Amino acid sequence: MQLDDPLCRYLAAEAGVVVVNVDYAVAPQHPFPAPPRQAFEVVRWVAEHGRQHGWDGTRLTVGGQSAGGGLAAAVARQALEQGGPLTALQVLHYPPPTPGME
């Protein structure tokens, strides 16, 4: 998360958007499926409570690099399967391969 902070700040400033940079639980203390579920809950929270913070929670993009890219893809998949929140875009920077998606 700390390594991503400068990029997140740059994206927020240049694109004029809100970027929520979230640390997430990792294995072995939090084995699968805890991290993708946790990431999905954060996105759901932003969608539901963004307006209270001055954010547009209806226009969501999820993204990440490496394992974070895999989590972003998992969030978008969970949102699709659970009927929301709607994610408009995925930005996946070298995510790990997903079985069955080659």
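Ala76 counts as buried because its relative accessibility is 10% (buried means under 20% relative accessible area, exposed over 50%, and partly exposed in between, with a 1.4 Å probe and protein chains only). In sequence, Ala76 and Val43 are 33 residues apart, while their C-alpha atoms are 9.4 Å apart in space.

A word on what you are looking at: this is a predicted model, in which local features need pLDDT of at least 70, side-chain atom pairs count only at pLDDT 80 or more, and totals for chains, interfaces and linings use all residues. Residues are numbered from 1 along each chain as its sequence is written, and side-chain values use heavy atoms, with hydrogens and water left out.

Now turn to helix 1, which is hardly covered: one of its eleven residues is buried. Leu7 belongs to this helix, and it counts as partly exposed because its relative accessibility is 47%. Together with Tyr10, Leu11, Val17 and Val19, Leu7 forms a nonpolar patch on the surface with about 440 Å² of accessible area.

Next, the largest pocket, which holds about 1400 Å³ of space. (On a 1 Å grid over the protein atoms alone, a pocket is an open set of points where a 1.4 Å probe fits, with protein on both sides within 12 Å along at least five of seven lines; lining residues have an atom within 4 Å of a point.) Its lining has 38 residues, and Val19, Val20, Thr61, Val62 and Gly63 lie nearest the centre. Strand 1 gives the largest share of this lining, six residues. By class, the lining has 25 nonpolar, nine polar and four charged residues.

Phe32 and Pro33 are joined by a cis peptide bond with omega about 15°, and Pro33 is in the loop between helix 1 and helix 2. Another cis bond runs from Gly84 to Pro85, with omega near 5°; Pro85 lies in the loop between helix 3 and strand 2. Ser66, in the loop between strand 1 and helix 3, has a positive phi near 55° though it is not a glycine. Tyr94, in the segment after strand 2, is not a glycine either, and its phi is positive at about 40°.

Key: Grid points are joined across faces, edges and corners, and a volume is the space filled by probe spheres set on the points. Helices (H or I, at least four residues) and strands (E, at least two) are DSSP runs, numbered from the N terminus. Ala, Val, Leu, Ile, Met, Phe, Trp, Tyr, Cys and Pro count as nonpolar, Asp, Glu, Lys and Arg as charged, and the others, Gly among them, as polar. Patches are made of residues with over 30% relative accessible area and no salt bridge: like charges are joined within 9 Å, nonpolar side chains (Val, Leu, Ile, Met, Phe, Trp, Tyr) within 5 Å. Accessible areas come from the Shrake-Rupley method with a 1.4 Å probe; for residues, only the protein chains shown count as cover. A salt bridge is a side-chain nitrogen of Lys or Arg within 4 Å of a carboxyl oxygen of Asp or Glu.
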